[in-house]
Amino acid sequence: MLDKSLGNILLENTALTEAQLEEGLLVQREKGIRLGEALIQLRFLKSEDILKAVSIQLGIPYLSSIDPENISSEAAHPVPINFAKKNELIPLAKYADRVEVAISDPCNIPALDDLRMIYGTNIRPMIATSAQITDAINTVYNRSTGADRTVMSDLQEENLENITQELEEPVDLLEADDEAPIIRLVNSLLFRSVKQKASDIHIEPFERDLVVRFRIDGVLYDIMHPPKKVQNSIISRIKIMANLNIAEKRLPQDGRIRIKIAGKDIDIRVSTLPTSFGESVVMRLLDKSKVLLDLGAIGVQGQALDMMLDLINRSHGIILVTGPTGSGKTTTLYAMLSQINTTDLKIITVEDPVEYQLPGINQIQVNPKIDLTFASALRSILRQDPDVVMIGEIRDKETAEIAIQASLTGHLVISTLHTNDSASSATRLIDMGVEPFLVASSVIGIIAQRLVRTICKDCRERYSPSDFELMQLGLKREDVADKFVYKAKGCSACLDTGYSGRLGVHEIMLMDDEVRAMVMKNADAPSIKKKAMEKGMKTLREVAADKVLQGETTIEEILRVTQEDVVRG
């Protein structure tokens, strides 16, 4: 018998209010779901809050983290990976009188009963999040798949010719039983890239060498050098998986691979390019389970968050997110849409390609082959009575003009541009041929963005920066007097890079009357930027410097990612 209801525990231990609980109970009754699910759907609480409350209610320990290195293969081996993934559980340790198991749903009695039969002893459940359990399964069950060194050894020993086995359905690579060394090598590369959180895999042929590199947190790292003789076999295997023409080696090709790795849906965009010494392959990995749909999680904080929330809650106007390729613009767009995605708004997007599926939002992928371009799709979208329109990228005058007309007729339009800073975006639209008065009257805010690597908390070292470093950041010695400034060192947790993960830095230029007047006069970008700074805009480097003072990144990383035309002392 339970002493307290889950609702009362949540009221005592979380920020949940009585009104929110009542709304959650209403949704629970209407949809026939659990209270915790209802509160998560309403975004009142996170799954961790619910699990901690369930832990208190049932008297079952809650695990804030799981260290896969402490899980013995003996404990996990009797449980098939399919069963572990389906029930979101993993055995942690085996003792004489019990087996301790981490599980995301301690009320999953059938799964716990099955475990009692498998082990023939008592099962002691512990509560952990689905993400923690999936990551642990990912690591523990990989031990039996073999290391890259073994696969490379097989490649040296076997006589490799044509490998043309088709991949019919998305198959979890941890369950693949293919014995062909090439297939195992490609599977191993894909698994390792996901495990190390790589965004891209580069396979590059040179005269006497084949190089595989991963892009991790925006930086390329050399991973392995397979034998040159297996180059064609590796590339053919990847092209088969992506449904590309393996006989065509003279023209670039683009394809897509859909796979699962340890239960995670991974979408891979494949690009091949003929070079002097064979085809170069680049694979862009999109982990659908890892998309960040929260502005705070991508690094928007404090005043910048307030400004961004004010912009996206306007009824009309254009918001532009700008920055170079790979600076996280699309992720920011998705986070914005997720923030305002409610049942009383109709949101339509047109993208190239649709990277992540967002529930409750109508998403369109452009297809130039049938003349479904950004401009033609946008015209049709406006006849669908939308409140908010997201355009993947404004590439030409036609798209820009339709977006402006949409904003002037009562729609909120969110899009991206490729420019270096916020002020350059206004002049870029004018350069495209859009009239300055249209730009000034429609654009309500421009957000320039960069991604900086966050310093590894396990190995960072505190140090005193030099006067020259402080000058480059526009800081004075007294600015860091009571702050901790760190430099990257490197450890096993961060793969000896000194960094782990990335966050965004944002320069937000609001189009007030004075800035708008300068745009109408067709002023140059530096003049517009200077005026915006006088009105209180913080530049990318100034925002990034704050991240250094907060101990989130390093001066070296800031100087690598941001550029300033004028160094201020």
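## Basis of the values

The model is predicted, so local features need pLDDT of at least 70 and side-chain atom pairs count only at pLDDT 80 or more, while totals for chains, interfaces and linings use all residues. Residues are numbered from 1 along each chain as its sequence is written, and side-chain values use heavy atoms, with hydrogens and water left out.

## Helix H2

Helix H2 covers residues 18-31 and has 14 residues. (Helices are DSSP runs of H or I with at least four residues, strands are runs of E with at least two, and both are numbered from the N terminus.) From first C-alpha to last, H2 reaches 20 Å, close to the 20 Å expected at 1.5 Å a residue; the expected span is 1.5 Å times one less than the number of residues.

The buried residues of H2 are Leu 21, Gly 24 and Val 27. (Buried means under 20% relative accessible area, exposed over 50%, and partly exposed in between, with a 1.4 Å probe and protein chains only.) These residues lie on the same side of H2, because they cover an arc of only 125° around the axis, the arc being that of the directions from the helix axis to the C-beta atoms. An α-helix has 3.6 residues a turn, so residues three or four places apart point the same way. Helix H1 (6-13) and helix H3 (35-41) are among the elements that cover the buried residues of H2, where contact means heavy atoms within 4.5 Å. The face turned away from the buried side carries the exposed residues Glu 18, Ala 19, Arg 29 and Glu 30. Just after H2, Gly 32 takes a positive phi of about 65°.

## Helix H20

Helix H20 spans residues 525-534, and its residues Ala 525, Ile 528, Lys 529 and Ala 532 are buried. Down the axis of H20, the buried residues fall within an arc of 100°, so they line one face of the helix. Pro 526, Lys 530 and Glu 534 are exposed on the other side of H20.

The cover over the buried residues of H20 includes helix H16 (422-431), strand S18 (499-510) and helix H19 (513-520).

## Salt bridges

The whole structure contains 27 salt bridges. (A salt bridge is a side-chain nitrogen of Lys or Arg within 4 Å of a carboxyl oxygen of Asp or Glu.) One of them joins Asp 113 to Arg 116, with the closest N and O atoms 2.7 Å apart. Both residues lie in helix H7 (residues 109-119), 3 residues apart, about one turn of the helix. Asp 113 is partly exposed at 35% relative accessibility, and Arg 116 is partly exposed at 36%. Another bridge links Glu 248 with Arg 250, the closest N and O atoms being 3.4 Å apart. Here Glu 248 is buried at 15% relative accessibility, whereas Arg 250 is exposed at 70%.

Arg 560 and Glu 557 form a bridge with closest N and O atoms 2.7 Å apart. They both belong to helix H22 (residues 555-561) and stand 3 residues apart, about one turn of the helix. Arg 560 is partly exposed at 44%, but Glu 557 is buried at 1%. Elsewhere, salt bridges that share partners join Asp 512, Glu 514, Lys 531, Glu 534 and Lys 535 into one network.

## Aromatic contacts

The search of the whole structure finds 2 aromatic pairs. (Rings of Phe, Tyr and Trp, the last by its six-membered ring, pair if their centres lie within 6.5 Å; planes under 30 degrees apart count as stacked, over 60 as edge-to-face and the rest as tilted.) Tyr 334 and Tyr 356 form an edge-to-face pair, 5.9 Å centre to centre and with 75° between the planes. Tyr 334 lies in helix H13 (residues 329-340) and Tyr 356 in the loop between strand S11 (347-351) and strand S12 (362-365), so the pair ties together parts 22 residues apart in sequence. Tyr 334 is buried at 0% relative accessibility, and Tyr 356 is buried at 12%.

Phe 484 and Tyr 486 are also edge-to-face, because their ring centres are 6.2 Å apart and their planes at 85°. Phe 484 is partly exposed at 43%, while Tyr 486 is buried at 12%. The charged end of Arg 460 sits over the ring of Tyr 486, 4.1 Å from its centre. (This requires NZ of Lys or CZ of Arg within 6 Å of the ring centre and within 35 degrees of the ring normal.) The charged end of Arg 98 sits over the ring of Tyr 95, 4.3 Å from its centre.
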